[in-house]
Amino acid sequence: MISIRVRSRVSAQELEAKVGKVIGDDAYNVLLTGPTRVYMPNGRILAVYLPGAMKGVATEEHYEILHGLRKDLISFNRGLASGSERVNVGSTKRSYAMGVSSGILGAFDPSGTYKYCRLTAWTGKHMPEWERLRPVFGRVADLLREHVPDRAAVQQAEIDKTHPDWVIPGTPFTTITVNNTYPTGVHTDKGDLAEGFSTIFTLRRGSYTGGRFVFPEYRVAVDLADSDLILMDAHQWHGNTPIVCACGERRTSCCETCGAERISVVSYMRAAMTRCGSEADETARAIEHREKHKGVIR
Ligand SMILES: O=C(O)CCC(=O)C(=O)O
């Protein structure tokens, strides 16, 4: 494994022009092609790239489950990461980003109309599939502990304060985001543990170009191949280049014609999960909230 330390970052002005946008290949000049540790100018770790690390771990069975999510889980809440402008719908105060195939599995803290901690709807409805996926996250966790032990330990300390009902057993993760074949606009992740570390592995099918994962502030990129893993500081700006499938089309979903598909699986800890009670406590809180607002909320 080689280590590199980037010496400079782009100006705030140059970066600002890229925020929320899908960036091109002109946004980087270093492309990682083998196992690499990347440090920021301040000496802190930016990322660890582990090519092929999930080979034989994330199997066809796991691919089928993750592939099956693509139509079930469309999110209008990815904000900057959707690579689109938010628009207001009708006279409501709510705004929505372009719908992208991005779903959340595992646990989530109170947000929006949900005033309680919960397992996401997909997780609750698909327990057998969720349990079959869990060993994959266990391997991601082992690699995080091996390669970024200090940040993994900080995250584990927060996990130890979190009720086990919300923790993926044997891991320092509470939550998983699964994206299918769309380039994220330049964004930083929100709600995950600042002092922890995030992880992304990819599963690829068919043939496409692009979808490169870029840290535009440091002009570093990587073309995550099938079963590659990157451990990364998700609080640094990151995004993808456009994805063009073998039919020649720019994709924001997997191509049903040529089969081009890029699934990215992000495993992390939601910082606010330490404040959740047990699942039973949170369910009681949800029922109480619903009773109080009968007819107003779902
Ligand atoms: O798909 C990728 O490469 C990036 C995913 C990502 O940044 C996200 O889900 O926040």
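**Entry 1: strand E8 and its partners**

I began at strand E9, where leucine 119 is the bridge partner of alanine 107. The model I am reading is a predicted one, and I keep that in mind for every entry below. Strand E9 covers residues 118–119, and two bridges join E8 to it in the antiparallel sense.

I then followed strand E8, residues 100–108, to see how far it is covered, and noted that eight of its nine residues are buried. E8 also pairs with strand E5, residues 74–75, over two antiparallel bridges, and there I found serine 75 with valine 100 of E8 as its bridge partner. With E10 the pairing of E8 is again antiparallel and runs over five bridges; in that pairing I located glycine 103 opposite valine 178 of E10.

**Entry 2: strand E15, covered on both faces**

Which residues of strand E15 lie on each side, and are they buried or exposed? In E15, residues 229–232, I found Leu229 and Leu231 on one side and Ile230 and Met232 on the other, and all of them are buried.

I next looked up the partners of E15. Strand E4, residues 45–50, is joined to E15 by four bridges and runs antiparallel to it, with leucine 50 having leucine 229 as its bridge partner. Strand E11, residues 198–205, also pairs with E15 in the antiparallel sense, over four bridges, and here threonine 199 has leucine 231 as its bridge partner.

**Entry 3**

I turned to helix H2, residues 60–67, and listed its buried residues as His62, Tyr63, Ile65, Leu66 and His67. As a reminder to myself, an α-helix has 3.6 residues a turn, so residues three or four places apart point the same way.

Threonine 181 has a phi near 50°, which is a positive value in a residue that is not glycine. I placed threonine 181 in the loop between strand E10 (175–180) and E11, and its relative accessibility is 1%, so it counts as buried, the cut-off being under 20%.

Arginine 219 likewise has a positive phi, of about 60°, without being a glycine. Its loop is the one between strand E13 (213–215) and strand E14 (220–222).

**Entry 3: two open sheets**

I traced an open sheet of three strands in the order E12-E17-E18, with antiparallel pairing. Strand E12 (208–210) and strand E18 (250–251) are at its edges with a single partner strand each, so one side of each has no neighbour in the sheet. Between E12 and E17, the latter being residues 243–245, I noted three antiparallel bridges, and tyrosine 208 stands opposite cysteine 245 of E17.

The other open sheet I traced has four strands in the order E2-E14-E13-E16, and its pairing is mixed. Its edges are strand E2 (30–32) and strand E16 (239–240), each with a single partner strand, so that one side of each is left without a neighbour in the sheet. E2 and E14 run parallel and are joined by three bridges, with valine 30 opposite valine 220 of E14.

**Entry 4: the chain as a whole**

I finished with the totals, beginning with a secondary structure of six helices and 19 strands. For 298 residues a compact globule would have a radius of gyration near 19 Å, and the chain agrees, with 19 Å. Along the principal axes, the C-alpha atoms fill a box of roughly 55 × 45 × 40 Å.

Buried residues account for 51% of the 298, while the chain exposes about 13700 Å², with 52% of that supplied by carbon and sulfur atoms. Of the contacts between residues at least 6 apart in sequence, I noted that 77% join residues at least 24 apart. Lastly, I looked up the charges, 38 positive and 34 negative, and their mean positions are 4 Å apart.

Definitions and conventions
Residues numbered from 1 in each chain as written. Predicted model: local features only at pLDDT ≥ 70, side-chain atom pairs only at ≥ 80, totals over all residues. Heavy atoms only, no water. Pairing = 2+ DSSP bridges. Rg over C-alpha atoms; globule rule 2.2 N^0.38 Å. Buried < 20%, exposed > 50% of the residue type's maximum accessible area, 1.4 Å probe, protein only. Contact = heavy atoms within 4.5 Å. Areas by Shrake-Rupley, 256 points an atom, 1.4 Å probe, with all protein chains shown as cover. Lys, Arg positive; Asp, Glu negative; His and termini not counted. Charge placed at Lys NZ, Arg CZ, Asp CG, Glu CD.
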